[in-house]
Amino acid sequence: GVPNPQTSWEKDGVPLSETERIILQQSGSILTIRMFTIGDDGVYTCVATNTEGRDREPILATTILPPRIVQERVEVRPQEQVGVAGTPTDVLENRTAVIL
């Protein structure tokens, strides 16, 4: 925008501050979250403000984990449905989320 906006970020309506895991780059226009965990899931909102006004763009960030087998053996009869269930771990190692 003109004039250049100041950019900030919110998570679920609460302003974000930089930490070791939360990094703001390029004057706040890029948000990087290192070691993204399930606890980081939520709605992230980029807020751009200048003398002409304010604009907000929400982004839903969700952790997606692969399915996990909870039983080693399952007997399946013909035409019977089988479900897979499990609880994902709370921390994903070596994962980084970059929101542009």
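This is a predicted model: local features need pLDDT of at least 70, side-chain atom pairs count only at pLDDT 80 or more; totals for chains, interfaces and linings use all residues.
Biologist: Good to know! How many helices and strands does the protein have?

Modeller: Helices (H or I, at least four residues) and strands (E, at least two) are DSSP runs, numbered from the N terminus. Read from that end, the elements go β-β-β-β-β-β-β. The count is therefore 0 helices and 7 strands.

Biologist: In what order do the strands of the open sheet lie?

Modeller: Two strands count as paired if DSSP finds at least two bridges between them. The open sheet has 4 strands with antiparallel pairing, in the order E2-E1-E5-E6. Strand E2 (14-15) and strand E6 (53-61) pair on one side only, as edge strands.

Biologist: How many bridges join E5 to E6?

Modeller: These two strands form a hairpin with 2 residues between them. Among the bridge partners are Val47 with Arg56, Cys46 with Glu57, and Asn50 with Gly53. E5 and E6 run antiparallel, and the number of bridges joining them is 9.

Biologist: And on the E1 side, which residue in E5 is the bridge partner of Lys11?

Modeller: Strand E1 (residues 6-11) pairs with E5 in the antiparallel sense, over 6 bridges. The bridge partner of Lys11 in E5 is Tyr44.

Biologist: Let's look at Thr49. Is Thr49 buried, partly exposed or exposed?

Modeller: Thr49 sits in strand E5 (residues 42-50). Buried means under 20% relative accessible area, exposed over 50%, and partly exposed in between (1.4 Å probe, protein chains only). Thr49 has 29% relative accessibility, so this residue counts as partly exposed.

Biologist: With which side chain does Thr49 make a polar contact through its own side chain?

Modeller: A contact means heavy atoms within 4.5 Å; leaving aside residues up to four places away in sequence, Thr49 touches Pro5, Gln6 and Arg54. A polar contact is a pair of N or O atoms within 3.5 Å; within protein, one must be able to donate a hydrogen and the other to accept it, and residues adjacent in sequence count only if both atoms are side-chain atoms. At 3.3 Å, the side-chain partner of Thr49 is Arg54.

Biologist: How far apart are the C-alpha atoms of Thr49 and Asn4?

Modeller: Along the chain, Thr49 and Asn4 are 45 residues apart.

Biologist: How many salt bridges does the structure hold?

Modeller: One of them joins the side chains of Asp12 and Lys11 (4.0 Å, N to O). Another links Arg21 with Asp40, whose closest N and O atoms are 2.3 Å apart. Arg21 lies in the loop between E2 and strand E3 (22-25) and Asp40 in the loop between E4 and E5, so this pair ties together parts 19 residues apart in sequence. The structure's total is 3.

Biologist: Last one: which residues make up the largest nonpolar core?

Modeller: A nonpolar core is a set of buried Ala, Val, Leu, Ile, Met, Phe, Trp, Tyr and Cys residues joined through side-chain atoms within 4.5 Å. The largest has 9 residues: Trp9, Leu16, Ile22, Leu31, Ile33, Phe36, Tyr44, Cys46 and Ala61.

Terms used
Residues are numbered from 1 along each chain as its sequence is written. Side-chain values use heavy atoms; hydrogens and water are left out.
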